[in-house]
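Please read the following account alongside the sequence and the coordinates.

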Amino acid sequence: MPKFLLKRWHGMHVYWLFALLLVLILTISCFVWQLGVVALVVCGVLAYYTFRAERAFRQDLTHYVSTLSHRVKKAGSDVIHELPVGILLYNEEKTIEWHNPFVARMLGKDTLIGEPLLEQFPGLKNRKEKELKLELTLDKHIYEVQIKPEERLLYFTDITILRTLQLRNEEDQIAMGIVMMDNLDEATQGLDDQTRSIMMAKVTGEITEWAQKHQIYIRRTASDRYFLVADHKGLKKLEQSRFEILDEVRDITIENKLPMTLSIGIASGAGSLIELGLWTQTSLDMALGRGGDQAAVKVGERLSFYGGRTNAIEKRTRVRARVISHALRDLIKESDNVIIMGHKMPDMDSIGAAIGVLKMAHVSNKEGYIVIEGVNPSILKLMEAIYEDEKLNRWFITPEQAIQITTSRSLAVIVDTHRATMMSEPRVLQLTQRKVVIDHHRRSEEFIQDATLVYMEPYASSTCELVTELLPYFDERLTMGVLEATALLAGIVVDTKSFSLRTGARTFEAASYLRRNGADSSLIQRLLKEDLDHYIKKSEIIKNAVVIFDHVALAVTEPGRKYSQLIIAQVADTLLTMTGIMASFVISERPDGLIGISARSLGQMNVQLVMERMGGGGHLTNAATQLEGTVAEATQRLKQILNQMHAEEGLFE
């Protein structure tokens, strides 16, 4: 019992009152003793009744408190037993010691006491140590489990209704999309009206049938474009089917010289219809930027790609090159200077394209600078030739110098990459709003934002090819030096493996233009020569190669052996020349401590999709990534992804 109830300070006045009465009685007794005796008797009676009253109060209070405590305990016991939340206690051996009736009803048993916890709830076996909340499914019910490891206590909450409503709300969300024939002009060029009409009718019929099959509302908005609306439930079915319409349209037009291909952009989960429309257009841009013949699906923060198993169709018209060249010329003339950047660890394509853009800047009487972070073995001989050329050497600067000379009116030209994290100096982008991207890689989710001009053509063999096509339209009086033309041609030669891969008619036309402007093929051979030690290192990796999935070569270096990214890439190229090999992967530790993976294919397999799942990217036939960890971990992860892709849709086309 609390002391403030039994020893109440506010009851002390009674004692002082009786003390005062005694003093007064003694005083009266001194004068009239008879009256004093009467007063004393009356005082005694009052004291007796006061004591009895206090005693009765304490008894009543004790009884009330004990009754209240019993009621509280009973209510608490009833709450624990009737509460719609499961409570379970277990011991150190993970054996159930106590639970309330809710837990027993969950499993349809009378009692679980003495049973092993993990046998009754198998979903807890895969719980991570720091995971204090998870979901379990038991007999079509979904429970949220909160774990108190210190008290060895579990709380179970039935969230079946909540998850059902969330699922229904998610399934009812609007999915908006655009279907585009991404090579209509190229596929129908040269066809007579009747053949063109028949082909368009086939494609239109196939798309309409596909929409009806998946309960999609579709409306044609242009000769080569459709607008579609579906719900999220239908979108999930489309993703499960992996957008078979892409293959179906390509198959029914395969007899044409160029088959028709589709690009699809779909979005769902946006906060408003306006935002959903922007997401849809962005998804379509992503699909087109990655070469077309694929679907890009954006659901909230998730962005997925389907298809993309064929090379991008080479454009037959140079109109876009002329428009881009003129727009770039105007941007350069309006800028204070031009800062040209490639990717980290630059290769021949990156340096060659940068030199081509540098030439454009100088023809426009503007100062242009190429930012280079350092020299790696792949460009060593080219840079040695550049350092000997005083006219060209003076325009190469370090990232620190680039930061100092960049102004708000500088033009930043990014070549051979479109990812800010891959650039040699990303901070330059924060100092200017004028940005130009020239790249031949398939567009990834990460993209340089707010670019003033973007020239991305995945069909191109190299960025050097794209830059070379811009030069004739830039200025008719433009002439190139031998080293400048040779650097551009070297970039094309390296990326096409001496015109054996990803080579189209426009690739040879670009090479022809460079040869006419003085490109020295013998100098290229000297630039690309490798020494004996370099060749031996490649052989050491190749001897560890094994063949998986019948046509995939996988080479994994020994733990502790470090090789440069250049050697890793060259080994992947070499393995691709072996009989029966359609794709190659090389995994090795790099000097910087990261694990480098280079992937190559002949076109039957999209290695870009594989590398994107591992955090990298690249091209359909040429991709790479860098990881933290060990060679063994990277190898295991790669094999898991290949097995998953093989189960989903097969590795090869």
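K140 is exposed, with a relative accessible area of 78%; exposed means over 50%, buried under 20% and partly exposed in between, for a 1.4 Å probe and protein chains only. The residue sits in the loop between β3 (133-138) and β4 (141-148), where helices (H or I, at least four residues) and strands (E, at least two) are DSSP runs numbered from the N terminus. Phi of K140 is near 65°, a positive value in a residue other than glycine. The model is a predicted one, in which local features need pLDDT of at least 70, side-chain atom pairs count only at pLDDT 80 or more, and totals for chains, interfaces and linings use all residues. Residues are numbered from 1 along each chain as its sequence is written, and side-chain values use heavy atoms, with hydrogens and water left out.

D550 also has a positive phi, near 70°, and is not glycine. Its loop runs between β18 (546-548) and β19 (552-556), and D550 is exposed at a relative accessible area of 65%.

Next come the charged pairs. A salt bridge is a side-chain nitrogen of Lys or Arg within 4 Å of a carboxyl oxygen of Asp or Glu, and by this rule the count comes to 16. In one of them, the side chains of D336 and R409 meet at 3.6 Å, N to O. D336 lies in the loop between α12 (319-333) and β12 (337-341) and R409 in the loop between α16 (399-405) and β15 (411-415), so the pair ties together parts that are 73 residues apart in sequence. D336 is partly exposed, with a relative accessible area of 41%, and R409 is partly exposed at 38%.

R419 and E446 form another salt bridge, at 3.4 Å from N to O. This pair links distant parts of the chain, 27 residues apart: R419 is in the loop between β15 and α17 (428-431), and E446 in the loop between β16 (434-439) and β17 (453-456). R419 is buried at 18% relative accessible area, whereas E446 counts as partly exposed at 27%.

In the salt bridge of R600 with D573, the closest N and O atoms are 2.8 Å apart. Here strand β21 (residues 595-601), which holds R600, is linked to helix α23 (residues 565-575), which holds D573. R600 is buried, with a relative accessible area of 8%, and D573 counts as buried at 18%. Salt bridges also link D247, R250 and D293 in a network.

Which side chain does E239 join in a polar contact? The partner is Y306, at 2.6 Å; a polar contact is a pair of N or O atoms within 3.5 Å, and within protein one must be able to donate a hydrogen and the other to accept it, while residues adjacent in sequence count only if both atoms are side-chain atoms. E239 belongs to helix α9 (residues 232-241) and is buried, with a relative accessible area of 10%. Leaving aside neighbours within four places in sequence, E239 is in contact (heavy atoms within 4.5 Å) with V297, R302, S304 and Y306.

As for the whole protein, its secondary structure comes to 25 helices and 23 strands. The radius of gyration, taken over C-alpha atoms, is 40 Å, well over the 26 Å that the globule rule (2.2 Å times the number of residues to the power 0.38) gives for 653 residues, so the protein is more spread out than a compact globule. Its C-alpha trace spans about 145 × 60 × 55 Å along the principal axes.
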